[in-house]
Amino acid sequence: MAEAVLIGEQIEDDEVQEILKTGTDLRQYAAQIEKEFKEVENRSIDDYIKESQNIANLHNQIGNTSNILERMESMLMDIQDALNNISTEITSLQKKSVSMSVQLTNRQSIRAQISQFIEDMAVPEEMVSCIMDSPVTEKEFVAHLNELNHKLNLMKELNFKESKSSQDVSDVLQKLKIKAMSKLRLYLMEQIYKFRKPMANYQIPQNAMLKYKFFFEFILSNERTVAQEICNEYVDTMSKIYYSYFKSYSTRLGSLKFEEAVSKDDLMGLDDSGPKGIFSKTSSLKNKSTVFSIGDRGEVLNQQLEAPIIVPHAQQKFRYAYEALFRSEQYALVDNACREYLFVTDFFIVRGAQAQELFNQIMGKTTALLIKNLETYVQDCYDTIALFLCIQLCFRYQLMCHKRCVPALDKYWDNLHAVIWPRFEQVFRMNIQSIQDCDPTKFPKETGPHYITRRYAEFSAAIVGITENFPNELVSHMLLELQEEVKCFMLRMAAIFTTRKEQLIYLINNYDLVLGVLMERTRDNSKEAEAFRELLSTRSAEYVEEILAPHLGGIIQFVKDCEQMRDKEQTEELKRQERRSLQLVANFSANWKKSLEELNREVFLSFPSLLTGSQLLQLALSQLVQYYHKFYKLLTPNARAQLVNIHVIMIEVKKYKSNF
C-alpha cells in the first residue's frame with residue numbers, strides 16, 4: 001500500500017509538472033476533475049440502486065447467519081458446562097476409587113494379620129495328638145514342636161501386653177509345653193546316660209544330640225531350670241569320663257617309657273669313662289639315640305605330629321622316649337578337647353566367657369591331672385632334648401587348636417610352658433656349668449675329636465634344628481653361652497699338648513667335627529656353623545704354616561726377608577742374598593719329593609676324617625706352590641737355572657690330589 005501511495009503521488013506530481021509546463025489554468029483543471037467525480041458518484045448510485053435487492057438479501061443472510069452463530073455459541077457453552085460437570089464427576093470417582101483401594105488394602109492386611117493371628121492362636125488337634133503320643137525323633141514331632149515354640153513365644157508377648165485373647169488357649173499350650181518338656185528332658189537324659197556305658201563311643205550320642213539340638217533350645221527358651229539340670233548332668237558325666245579316660249591312658253603310657261632315664265650323671269661335661277646305664281648295652285634309650293643327639297626323635301614335630309595316638313595294649317613290646325608319649329597324650333587331648341568345645345558351643349548355645357567356663361567345668365580336672373603328671377616327670381628330668389621337644393609340641397598343638405577355632409586350651413598351654421621352661425633352662429645351664437667345671441688334665445692326651453665336643457655338636461645341632469621354625473631369644477642366648485664355654489674348653493684341652501702342631505691338630509679335629517654335624521643337620525648359614533667355619537679356617541691356615549716349616553722353612557723365611565728388603569728398596573742387600581739362595585735351591589732340589597711324601601703321610605695320620613685330611617693336604621700343597629712361585633721370582637738368573645722346573649713340581653703335586 002505504501003508503494004502505491006508513493007507511485008500515485010509520483011503520477012500527480014508528474015501531471016502537475018506537465019500542466020505547469022503546458023501553461024494550463026489550474027482552476028479549470030480542478031473544475032474538470034470535480035465534474036468527473038460527480039459523474040463517477042452518480043454512476044455508483046445507479047449501480048447501488050440496481051443492486052439494492054441483492055444487498056437486501058445479503059443483509060438478511062448475514063442476519064440469519066448471526067442467529068445461527070448465536071445458537072451454536074449457546075450449544076457450545078452448554079457442551080462446555082457438561083464437560084466441566086463430567087470432569088468434576090471423574091475427579092470425584094478417582095478419589096472414591098483411591099479411597100476404596102486403600103480401604104481394600106487395609107482390610108486385606110488386617111485380614112492376613114487376623115488370619116495369621118487366628119492360625120497362631122489356634123491349637124490343632126493334630127498338634128495335640130503328635131506332641132502327646134509321637135516319639136520325639138519323628139519328623140512330625142519336630143515340626144509340631146517348632147510350631148508349639150512359636151505359639152508359646154506369641155503367648156509370652158500377648159501376656160506382656162495383657163491381651164485377653166491369649167487366655168482362651170493359654171491352658172492348652174501350657175499343658176502341651178509341660179508334656180513336650182517332659183519328653184525332651186527324658187530323651188536328652190537318655191543320651192547323656194549312654195556316655196556312662198563301659199567302652200561307649202560317646203561321639204554317637206553327641207551326634208544324636210546335635211541332630212536334635214533344637215530340643216535344648218526349646219527347653220532353654222521355656223524352662224531354664226530344666227535346661228540347667230540337663231547341662232549340669234552333661235558336664236558332670238563328661239568331666240568324669242574324660243578324667244577317667246586320661247588317667248588310665250596316662251598310666252598305661254607311662255609303662256611304655258624307657259626303663260633307663262637320663263640322670264644328673266649324664267651332663268655334657270661329665271666323664272663317661274665309667275659305666276653309665278644310659279650308655280650301657282642294656283639301655284633302651286641308647287638304641288634310639290644318645291642323650292645329646294636327636295636322631296629320629298625330632299619326627300614327633302613333623303610326620304608324627306598328627307599321627308594316630310599310641311595304643312598301649314597293642315604296643316606293649318615297644319618302648320618310647322618321653323616326648324613320644326607326651327605327643328600322643330597331648331594329641332589325644334587336643335582331638336577330644338576341640339571336639340568337645342565345638343559341641344558345647346553348638347549344642348548349649350554359649351559363646352566367649354560362658355563357653356570357656358563350661359569347657360573348664362568339663363575338662364578342668366583332666367587338664368589339672370595332665371599338668372600334675374608333667375610336673376612329676378619334669379622335676380627329676382635331665383633330658384634337655386625331651387624337654388625342648390615337649391615345649392615345641394605345645395607350640396604346635398596350640399597353633400592347631402587356633403586353626404580349629406578353639407581358644408579354650410590357651411591357658412592350659414601356658415601352664416605347660418610354665419612347668420617345662422624353668423626346668424629346661426635349669427638343666428641347660430647345668431650342662432654349661434658341667435663344661436666349666438671340666439679339668440682337662442683328667443682326660444687322655446689324644447688329638448682326635450673329644451667326646452664332649454661330639455656331645456656339644458650333636459646337642460647344638462638338635463636344638464638349632466628344632467628352633468628353625470620357632471626361634472626363641474632365650475634359647476639362642478643359652479646356645480651362645482654354651483658355644484663360648486665349649487670353645488674355652490677346647491682351648492684348655494689344646495693347652496695340655498706340648499707342641500703347637502699338636503694343639504692345632506686337636507683344635508682342627510674338634511672344630512671340624514662340630515662344623516660337620518651342624519652342616520649335616522641344620523642350615524649352612526646358621527650362626528653356630530659360621531662361627532666354627534671361621535675358627536676352622538683360621539686354625540687350618542696356621543696348621544699349614546706349621547707343617548710346611550720343617551720342609552720349606554728356609555725358603556719361607558728367605559721369601560719374607562727378601563720381600564721386606566724389596567719393600568725397603570735395599571737393592572745391595574738383595575744382591576748379597578744369592579749365596580743363601582743357591583744353598584736353598586740345592587737343598588730343595590734334593591729333598592722336595594721326599595717332603596711331599598712326608599707331608600701326605602703326616603696329614604693323614606693326624607686327622608681321622610679323610611675329607612678333612614685331604615682338604616688340609618691340598619691347602620698345604622697350594623701354599624707350597626705359592627711360596628715356590630715367590631721364591632722363583634726373587635732368584636737371580638743363575639739360581640733359577642738350577643731350580644727344579646715348576647711344571648715338574650705341579651705334575652708331582654697332582655699325584656696327591658684326592659677324590660674326597
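## Basis of the model

In this predicted model, local features need pLDDT of at least 70 and side-chain atom pairs count only at pLDDT 80 or more, while totals for chains, interfaces and linings use all residues. Residues are numbered from 1 along each chain as its sequence is written, and side-chain values use heavy atoms, with hydrogens and water left out.

## Overall fold

The protein has 23 helices and zero strands. Helices (H or I, at least four residues) and strands (E, at least two) are DSSP runs, numbered from the N terminus. Of the 660 residues, 40% count as buried; buried is under 20% relative accessible area, exposed is over 50%, and partly exposed is in between, with a 1.4 Å probe and protein chains only.

Among contacts with a separation of 6 or more, 76% join residues 24 or more positions apart. A contact here means heavy atoms within 4.5 Å.

## Annotated segment

An unreviewed UniProt entry lists residues 69-96 as "coiled-coil region". UniProt positions are given in the numbering used here, feature names are shortened, and annotations may be inferred rather than shown by experiment. In the model, residues 69-96 are 100% helix and 0% strand, and the end C-alpha atoms of this stretch are 40 Å apart.

## Largest pocket

Pockets and cavities are found on a 1 Å grid over the protein atoms alone: a cavity is a set of points where a 1.4 Å probe fits but cannot get out, a pocket is an open set with protein on both sides within 12 Å along at least five of seven lines, and lining residues have an atom within 4 Å of a point. Grid points are joined across faces, edges and corners, and a volume is the space filled by probe spheres set on the points.

The largest pocket has a volume of about 700 Å³. Its lining consists of 28 residues, with Met199, Ala200, Tyr202, Tyr245 and Arg252 nearest the centre. The elements giving two or more residues to this lining are α9 (224-254) and α11 (322-347), and α9 gives the most, with seven residues. Domain 1 (125-222) and domain 2 (225-261 + 288-437) each provide at least three lining residues; the domain bounds come from an automatic or database domain assignment. By class, the pocket lining has 17 nonpolar, six polar and five charged residues. Ala, Val, Leu, Ile, Met, Phe, Trp, Tyr, Cys and Pro count as nonpolar, Asp, Glu, Lys and Arg as charged, and the others, Gly among them, as polar.

## Largest cavity

The count comes to one cavity of 30 Å³ or more, and the largest cavity has a volume of about 50 Å³. Its lining is His551, Leu552, Phe588, Trp592, Ser595, Leu596, Leu624 and Ile649. These residues divide into six nonpolar, two polar and no charged.

## Single residues

Glu323 lies in helix α11 and counts as buried because its relative accessibility is 2%. Not counting residues up to four places away in sequence, Glu323 touches Arg297, Val300, Ala386, Leu389, Cys390 and Leu393. Lys257 is 66 residues from Glu323 in sequence and 9.7 Å from it in space, C-alpha to C-alpha.

Ile349 is not a glycine, yet has a positive phi of about 55°. Ile349 sits in the loop between α11 and α12 (352-378) and is partly exposed, at 42% relative accessibility. Cys405, also not a glycine, has a positive phi of about 60°. Cys405 belongs to the loop between α13 (384-403) and α14 (410-436) and is exposed, at 58% relative accessibility.
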